[in-house]
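Me: I am new to this structure. Please walk me through a few features and how to read them.

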Amino acid sequence: MTDLSKYRNIGIFAHVDAGKTTTTERILKLTGKIHKIGEVHDGASTMDFMDQEAERGITIQSAATTCFWKGCQFNVIDTPGHVDFTIEVYRSLKVLDGGIGVFCGSGGVEPQSETNWRYANDSKVSRIIYVNKLDRIGADFYRVVNQVKNVLGAHPLVMVLPIGTESDFKGVVDLLSMKAYIWDETGQPENFEVTDIPADMVEKAEEYRSAMVESAVEQIDEVMEAYLEGTEPDIDTLKKCIRKGTIDLAFFPTYCGSSFKNKGLQLILDAVVDYLPSPVEVKPLPEVDEEGNETGKFAEPDPNAPFRGLAFKIMDDKFGALTFTRIYSGTIKKGDTVLNSFTGKTERISRMVEMHADDRNEVDSARAGDIIAIVGLKNVQTGHTLCDEKNPATLEPMVFPDPVISIAVAAKDKANAEKLSNAIGKMVQEDPSFRVETDEETNEMILKGMGELHLDIKIDILKRTHKVEVEVGAPQVAYRETITKAVTDTYTHKKQSGGSGQYAKIDYTIEPAEAGTGFVFESAVVGGNVPKEYIPAVEKGFKTSVDKGPLAGYPCLDFKVTLSDGGFHAVDSSAIAFEIAAKAAYRQTMPKAAPQLLEPMMKLDVFSPEEKIGDVIGDLNRRRGMIQGQEPTPGGVRVKAEAPLSAMFGYIGDLRTMTSGRGQFSMEFSHYAPCPKNVADEVIAAAKKREEARRAGK
């Protein structure tokens, strides 16, 4: 398909359990992509193809598929709703042109809907709203519409009204054509009839239609003028106005129905065609330089322009690594060589596939507007730009929040150790919000993630998908050390035991340096008492020692060593002798320089409903948090604060409890700050215990 105006790259996003995956299944059935509908509650839906998804009845990773409706090609991505997998929604929204926000008819605007809505606002994605589950007890379309206004601060443009509610929900009134769509009870989506509006709804329909028309005509001046002069716009003109307003984010066309009962979905598919933008109607993605500054050039959605694509998801499956790529400009063919502008390395495109959940169709070429998966790329990660090697460019990279929780894992035995590092390597490539570090001393792997469920599922995938037996430990904090006093000292290294000896003498000052400088070395030697060729060895001796601080063995930061004088022996001095002298000098002098333990301080952004803000701030104060500001938003209050990482373990659970599940927070490293004495004493005591245990075990 070559006409870009017929493409719709859309995502379906919502709070957990609002019916996104069921909606996607119905869309696939309606568009003829699948012939049998799989149900989420039976663990048989097409898009939830992971074992963990089928078991838990939730979507964990976004799945992609392609289908057709009324001459348009839809590239659809079904995203997760659970807060711990928000990263999947974020990176999907980044490469989509439009979205369907699904809200539960009884649950309304729930916490994750708010987070996803904020992400969509940040990415400037046009959306239509679909209020699902109107057949459920307690469903109320009008209440949800009001919540969209009040909680999300958005303008819902009501396009349909429900006929009946709960078990009596039969269909919808289309305000555009002023006709009623009524489905029978067979549950078949095609079994509906278009009739006149029920008599008891005519007045309400006219009231909502005139509100819809007034909002729509404001988008185009000539239509507005004609309307004010008494000329009612025809349906095509109205659609044009609504399309413009939707693309400009002035409002969000709002529909309703029941995906499970197959009622109301055709109008949503029509709305995707009529109102959501094609790749040529969205603002092209800016190109940036190495520092991330915009260059003034854009990835124009033109198949003949230089190739530009953004890798937005890596997935490992039985056929190898798949790199999901949104193509912004140009064309890519099988056999082409492309440049990864992040690594500076080229990659050959050997196979490309169009995805349908975990099935795939091979394709020979793809062009601007397409979303495809490339098989077997070696060094590409999420957020990397693939481009024409003769015309290199970088697209705006994705920025992922830092993980908020970490746990230690170790392989049960040697056989599992190799399997563990291979599996972890694959999982880190797939999920940029999942990070791994190795503790050099304990040899444990520290896994970092977005929440307890996130890490729980990672451990589950390790055990079941990768068949690795692991032991899981408690979370830990990365402390650091520094000094607070300047000390001038001297050290002589002398070794005489037959043959050639070793001799090195150094006079030096160790003093605190500015925060953030790390380790600084300077030579102030004059007169050649320490020959020039030995000075780098002195620096190396100090530099290799900084990994072990004098208090608890944590790396030492922000201090300066100045070498002022020394002495050497014409025969016995050597570079290695001066290096050994520097290492011993570090051990001798650092404890005299009033060492201090530092703890990582985190920058917090906490979102809370207004009525719970007092509890949230009180709790942050108890965690040694410092509140730096509050900012009211349509849905509540955002609190900016700083708090030590050690006090933030388990915070997400406590925040959700305090805010009845509506609180959200993001946390990133800010700086290191001195530890209070009581905390430092505990950490130092624990480190000494570990060291004693290590020695006893030797």
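Me: Is Ser 329 buried or exposed, and what is its relative accessible area?

Reply: Start with the scale. Buried means under 20% relative accessible area, exposed over 50%, and partly exposed in between, with a 1.4 Å probe and protein chains only. Ser 329 has a relative accessible area of 2%, so Ser 329 is buried.

Me: What kind of model is this, and how are residues numbered?

Reply: This is a predicted model: local features need pLDDT of at least 70, side-chain atom pairs count only at pLDDT 80 or more, and totals for chains, interfaces and linings use all residues. Residues are numbered from 1 along each chain as its sequence is written, and side-chain values use heavy atoms, with hydrogens and water left out.

Me: What is the average pLDDT of the chain?

Reply: pLDDT is the predictor's confidence in each residue, from 0 to 100. Here the chain averages 82, and 85% of the residues score at least 70. Over residues 35–63, pLDDT stays under 50. For that stretch the model has 90 contacts beyond four places in sequence. Contact means heavy atoms within 4.5 Å.

Me: Back to Ser 329. Which strand holds Ser 329?

Reply: Helices (H or I, at least four residues) and strands (E, at least two) are DSSP runs, numbered from the N terminus. Ser 329 is found in strand E15, residues 320–329. Leaving aside neighbours within four places in sequence, Ser 329 is in contact with residues including Ala 299, Phe 307 and Ala 368. Pro 306 is also among them. The backbone oxygen of Pro 306 lies 2.9 Å from a polar atom of the Ser 329 side chain.

Me: How many aromatic pairs does a search of the whole structure find?

Reply: A pair of aromatic rings is described by the distance of the centres and the angle of the planes. Rings of Phe, Tyr and Trp (its six-membered ring) pair if their centres lie within 6.5 Å; planes under 30 degrees apart count as stacked, over 60 as edge-to-face and the rest as tilted. The search finds 11 aromatic pairs. In one of them, the rings of Tyr 508 and Phe 542 have centres 5.8 Å apart and planes at 65 degrees, so this pair is edge-to-face. The pair links distant parts of the chain, 34 residues apart: Tyr 508 in strand E31 (residues 502–512) and Phe 542 in helix H12 (residues 535–545). Tyr 508 is buried at 1% relative accessible area, and Phe 542 is buried at 0%.

Me: What are the distance and angle for Phe 559 and Tyr 586?

Reply: Their rings lie 6.2 Å centre to centre, with 45 degrees between the planes, and the pair is tilted. Phe 559 lies in strand E33 (residues 559–567) and Tyr 586 in helix H13 (residues 575–589), so the pair ties together parts 27 residues apart in sequence.

Me: Which residues do ring pairs link into a cluster?

Reply: Phe 103, Trp 117 and Phe 252.

Me: Where does Arg 127 lie?

Reply: A charge sits over a ring if NZ of Lys or CZ of Arg is within 6 Å of the ring centre and within 35 degrees of the ring normal. Arg 127 lies over the face of Trp 117, 4.3 Å from the ring centre. The charged end of Arg 326 sits over the ring of Tyr 328, at 4.6 Å from its centre.

Me: How many disulfides does the structure hold?

Reply: A disulfide is a pair of cysteine sulfur atoms within 2.5 Å. The structure holds 0 disulfides.

Note on methods: Polar contact = N/O pair within 3.5 Å; in protein donor to acceptor, adjacent residues only side chain to side chain.
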